[in-house]
Structures are given as structure tokens and as C-alpha cells.
Amino acid sequence: MPVRVQHEDFDVGAEIAKLREGNPAIGAVASFVGIVRDLNEGDAVATLTLEHYPGMTEKSLEEIVAQARQRWDIYDALVVHRVGTLKPLDQIVLVVVTSAHRGESFEACEFLMDYLKTRAPFWKKEVTPEGARWVDARASDDAAADRWS
Amino acid sequence: MKANETQTATVKVLYFARLREALGKGEEEIVLPEGVDTVGALAGFLRSRGGAWAAELGVGKAVRVAVNQDMAAPETRISGGEEIAFFPPVTGG
């Protein structure tokens, strides 16, 4: 299962080990971990709550992984995204890609994150001293995703 | 179907995140009114409820729509039986 949406935290080392287990053809692993920061738009962030669309979120992540597999010569890809209430320092998202050489892994990993951020149905709500607020989508994320089209 | 029977087409409508909070509900069944056969027409029907519905789904609001869990456009056809979701631009990752 290359895609998981879960409340629980994840162990990056264990996930990478599992993905490359028994495949001596893998020469490169690229990974990305997204983490909750304590500051956003100039305000202190106490908690960050992630909501998703059960069913569609998994389906859209699977479609994004399938696109990465078509575009790059990679062995495997994994996306783990957490939902629920998180706090600063917590891990939010993990993307891992394995390939023979580094170029494919680096690019596919970045592509997966750029597409995930603009296409997968997740929404963030943060609590700051000013109160709770939904995080707005960023034009810079759309621009990052557009690079690949 | 007998001539005197009225065919009712219903859709399951979902609202997420900011929209769910502003509209005060996450899910409802809607009997499609006569002539409501596209996503855009359904949005128009919802706006006609007034108040938060008119404000949140109004012109200029960034609202995305999915039909049966695929991204849709205002002209996407609906005929009953679909799962239709309204939500703000996504902010995951």
C-alpha cells in the first residue's frame, strides 16, 4: 500500500527500511518530511488540525503516486499523511521514493509533494493567540505544482 | 414507471473544512429540483437558501467541487445518485 492516511505518528527509518527491503537494485532513496512549525503568518501556532475527505484523499494520493511512476523510472513510492490535531515539532507528512540513481528519486519526491499540496483534499486549521483559523491556500504552492505540467 | 409517478433523483452532498463550519453541516441528502442537472446549477440552488449559503458559495469565492470523488467543473453533469463534495482550496502537506 503506497499511500496511508493516519492519526498515528510514523518512523521515517522504519518506513524507508521497509520500502527498500530486499531490493539490491535500489541505489537511491529520497525522502521528505513535513513538520508543524510554531509560527505561521507571524502568529504563534499552538495546534494544527488536519481534516481530510475519507476516500477521495486516498484515491487522489494514489493517482499522484501513479503519475510519478509514469514520469520517472522509480522502484517505489510511499506517502504517509497524518490527520487530526498536531502540535509544533510533530511530523505531518512523509514522502519516500526509491530508484537506481538519485536524479529520479529527488525529482519524483519533489513532484509528489508539490502535487499533494495542491491536489489532495486536506485542510489545515491552526489555533493561535488570535483564535482558530483555517489556513489559506498559497499561490506559491500552485506555482510549484505548475512547474511539472 | 407509471405516468403519475414522480421520479425523484437525490444526491449526497458533503461540505468540508471552512465550508462545513460556515454552513453548519457536513453532509445532507438533496432531492434535485427540476432543471438542476449540473454542478453549477446545484451550487445556484444552494445559494438560493440565502444567508451563509449565498455568501460562502457566491461569485468570487474559491470553492472546489468533486463529483464521485473526482474534481469537477460547473458544467459537470449530475443526474442523481452522485456524491458531490464542496470544499475550499486544499492546504495539506
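Modeller: Start with the salt bridge: a side-chain nitrogen of Lys or Arg within 4 Å of a carboxyl oxygen of Asp or Glu. Here R18(B) and D136(A) form one through their side chains, at 2.7 Å from N to O. Keep in mind that this is a predicted model, where local features need pLDDT of at least 70, side-chain atom pairs count only at pLDDT 80 or more, and totals for chains, interfaces and linings use all residues. Residues are numbered from 1 along each chain as its sequence is written, chains are lettered from A and ligands numbered from 1 in the order in which they are written, and side-chain values use heavy atoms, with hydrogens and water left out.

Colleague: How many salt bridges are there between chain A and chain B?

Modeller: The count is four.

Colleague: And how many residues of each chain are in contact?

Modeller: Contact means heavy atoms within 4.5 Å. By that rule, 26 residues of chain A touch 20 of chain B.

Colleague: What area is buried between the chains?

Modeller: Buried area is the accessible area (1.4 Å probe) that two parts lose on being put together, summed over both. For chains A and B that comes to about 1900 Å², with 54% from carbon and sulfur atoms. On the chain A side, Y53(A), W123(A) and W134(A) lose the most, together 36% of what that side buries.
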